Amino acid sequence: MSTLALNNVTYTYKNAQRPAVSDISCIFEEGHVYAIVGPSGSGKSTLLSLLAGLDLPTEGEVAFNGDSLAKLNLDRYRRESISMIFQAFHLFPLMTVIENVCFPMELCGVTPKDAKPRAAALLEGVGITKEQMGRFPSKLSGGERQRVAIARSLASNAKIILGDEPTGNLDGANTQNIIDILCSLAHDKGYCVIIVTHDMEVADAADVALKMRDGELRVI
Ligand SMILES: Nc1ncnc2c1ncn2[C@@H]1O[C@H](COP(=O)(O)OP(=O)(O)OP(=O)(O)O)[C@@H](O)[C@H]1O
Ligand SMILES: [Mg+2]
């Protein structure tokens, strides 16, 4: 069973007066959806970067299946074990929508011929039309771009999904659809889904709701 554990993790940005993440210990397990809420500046995005191995803790460790990220090949960890939905979507502007979703599969060795139908199915699942799939991301609305970013994060085989406000630009119906997709990935397919959200509908649907305040994390 894959787990992501934080053991007394503290992270202080260079020249910062106080830590953005302060002595957090917590375990995230497969099969569950976790929601992290908390005020702006409380350290939520910083915590996700630590879980994604984009930064290493100043103190303590993040461990994937018992192995400290500090000792793992982080490029490989990020490519194979983690998929991220960022606060700003980070879609590739010079690739079409469908090419954006094919890209992570092709990075993992899937041929373009096999990647394309899978990408189309994932995009359809989040409500993107065939016609929109051929457009560049700049020709989509904010909410449509967000749904493409979600489909792209589902395209890799990574079992841990980290989302930073993944439903921040979506209306009620699309939010509910994304909640359903993420819950079913966790409950039926054993994914571990960790999402930062301001949306109480998302937090209520999660199996575990956590709150960050001044760099500290509490179960609510
Ligand atoms: N690159 C950086 N350098 C210095 N300080 C930073 C940096 N990024 C974030 N911080 C600070 O760290 C603290 C936590 O920031 P973080 O982005 O994790 O908050 P957040 O909870 O995600 O907020 P929001 O809800 O607004 O996205 C804040 O005080 C922020 O100003
Ligand atoms: Mg943030």
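Two strands pair if DSSP finds at least two bridges between them; helices (H or I, at least four residues) and strands (E, at least two) are DSSP runs, numbered from the N terminus.

R213 stands opposite E216 in β10. The hairpin has 2 residues between the strands, and D214 takes a positive phi near 45°.

## Basis of the model

The model is predicted: local features need pLDDT of at least 70, side-chain atom pairs count only at pLDDT 80 or more, and totals for chains, interfaces and linings use all residues. Residues are numbered from 1 along each chain as its sequence is written, while chains are lettered from A and ligands numbered from 1 in the order in which they are written.

## Domains

The domain assignment, which is automatic or from a database, gives domain 1 (1-81 + 158-220) and domain 2 (89-157). Their C-alpha centres lie 23 Å apart. Contact (C-beta atoms, placed from the backbone, within 7 Å) involves 11 residues of domain 1 and 12 residues of domain 2. On the side of domain 1 that touches domain 2, helix α7 (residues 172-189) gives the most, with 4 residues.

## Helix α3

Buried residues (20 or more other C-beta atoms within 10 Å of their own, C-beta atoms being placed from the backbone) of α3 (residues 97-107) are V97, I98, N100, V101, C102, P104 and M105. These buried residues pack against α4 (112-125), α5 (130-133) and α6 (142-155). After α3 comes G109, with a positive phi near 95°.

Conventions:
A residue is buried if 20 or more other C-beta atoms lie within 10 Å of its own, exposed if 12 or fewer, and partly exposed in between; C-beta atoms are placed from the backbone. Two residues are in contact if their C-beta atoms, placed from the backbone, lie within 7 Å.
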